[in-house]
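User: I have just opened this structure and would like a friendly tour. Let's take it one question at a time.

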Amino acid sequence: MARDRRPAKAPKAPKVRQAELTRTVEEFEAAFWPDEQPVDNAVVMTMGALHAGHAALIRAARRQVGPEGRVAVTVFVNPLQFGAGEDLDRYPRTLDADVALAAEVGADVVFAPTVEEVYPNGEPVVRLSAGPMGAGFEGASRPGHFDGMLTVVAKLLHITDPDFALFGEKDAQQLALIRRMVADLDFDVEVVGVPTVREEDGLALSSRNRFLSEDERKQALALSRALFAGRDAGAKGAAAVREAAAAVLDAEDGVALDYLALIDPDTFTEAPDGFQGEAVLAVAAKVGTTRLIDNVGIIVR
């Protein structure tokens with residue numbers, strides 16, 4: 001039998017995406033819906049300075065809609081979310097790197113509007129209110145933050161019109177409020193939570209981690225250690241969870257605690273000592289001048 005001397009077929013190269021950068025609503029609409037073919041689409045909303053945590057969100061969005069679906073990433077530092085003395089001007093802006101990372105992990109379009117494009121008439125007079133669910137914890141520490149967050153999320157949902165919107169579980173109160181807004185105001189979108197991404201030593205990824213010095217980063221590990229200690233104490237009851245987590249934080253001099261709370265995820269209020277079931281153990285603290293938040297899901301017996 002004659003040998004087949006034809007060269008073997010090379011394996012197909014994976015599809016290389018080039019995420020298109022759009023700066024206006026008109027540009028976004030033309031790029032995100034280039035034809036009338038109906039496909040699933042998803043949005044990942046960010047304030048930029050993308051890192052591996054954001055990459056996990058974008059990859060999850062790609063899995064959600066499949067290879068033929070469409071994934072949009074928004075990059076917008078929303079001034080309504082920043083209060084007096086907060087780090088709006090200091091917030092990192094790395095758009096070129098953000099577009100490259102978004103494309104690498106599965107985005108089709110990046111929507112990076114200016115403040116004037118999102119709020120053409122200046123800061124909106126009419127805004128959404130987070131209500132009592134947004135009054136505690138982050139809402140108490142950052143008055144008005146969640147009203148500003150919900151207002152811009154609602155606007156971006158209208159603009160991007162996704163089937164799915166993906167948000168990180170690291171911002172637990174934000175995720176709970178967005179889910180409640182979508183349910184209460186009948187947004188036609190499925191909100192998908194994506195687990196927190198951590199460094200090997202347990203530190204939750206955050207754009208603000210870059211502000212930590214080497215010593216401060218070591219001190220910041222107390223937050224995740226406290227949460228894990230509390231989670232391990234879940235079988236002993238709510239009081240034991242709080243005590244175990246607090247003991248870790250009390251032993252770290254470099255952490256200025258804002259709050260440590262065991263939270264009922266349905267109402268986002270403090271769980272009583274007799275609470276049983278699924279809960280969120282959340283912490284917020286300053287390490288140096290940098291404010292960090294973190295949380296873990298926990299089963300309380």
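**A guided tour**

User: Is I58 buried or exposed?
Analyst: The relative accessibility of I58 is 0%. With a 1.4 Å probe and protein chains only, buried means under 20% relative accessible area, exposed over 50%, and partly exposed in between. I58 therefore counts as buried.

User: Good to know. What kind of model is this?
Analyst: Residues are numbered from 1 along each chain as its sequence is written, and side-chain values use heavy atoms, with hydrogens and water left out. Local features need pLDDT of at least 70, side-chain atom pairs count only at pLDDT 80 or more, and totals for chains, interfaces and linings use all residues, since this is a predicted model.

User: Which residues is I58 in contact with, leaving aside its neighbours within four places in sequence?
Analyst: I58 has its place in helix α2; helices (H or I, at least four residues) and strands (E, at least two) are DSSP runs, numbered from the N terminus. Contact means heavy atoms within 4.5 Å. With neighbours within four places in sequence set aside, I58 touches V44, L50, V71, V73, A102, V105, G106 and A107.

User: Which residues of helix α3 are buried?
Analyst: Helix α3 covers residues 95–104, and the cover over its buried residues includes β1, α2, β3 and β4. Just after α3, G106 takes a positive phi of about 125 degrees. Within the helix, the buried residues are D98, V99, L101, A102 and A103.

User: Is S129 buried or exposed?
Analyst: S129 sits in the loop between α4 and α5. Leaving aside neighbours within four places in sequence, S129 is in contact with D147 and L150. Its relative accessible area is 57%, so S129 is exposed.

User: In β6, what is the bridge partner of A165?
Analyst: β5, α7 and β6 form a right-handed β-α-β unit: with the strands pointing away from the viewer, the path from the first strand over the helix to the second runs clockwise. Two strands pair if DSSP finds at least two bridges between them, and β5 and β6 pair in the parallel sense over 5 bridges. In β6, A165 has as its bridge partner V191.

User: Which strands stand at the edges, each with a single partner strand?
Analyst: The open sheet has 4 strands in the order β8-β7-β9-β10, paired antiparallel. One side of each edge strand has no neighbour in the sheet, because each has a single partner. Those edge strands are β8 and β10.

User: What is the volume of the largest cavity?
Analyst: On a 1 Å grid over the protein atoms alone, a cavity is a set of points where a 1.4 Å probe fits but cannot get out, and lining residues have an atom within 4 Å of a point. Its lining includes K170, L203, S224 and D294, and α8 and β10 each supply at least two lining residues. Grid points are joined across faces, edges and corners, and a volume is the space filled by probe spheres set on the points. For the largest cavity, that comes to about 70 Å³.

Terms used
On a 1 Å grid over the protein atoms alone, a cavity is a set of points where a 1.4 Å probe fits but cannot get out, and a pocket is an open set with protein on both sides within 12 Å along at least five of seven lines; lining residues have an atom within 4 Å of a point.
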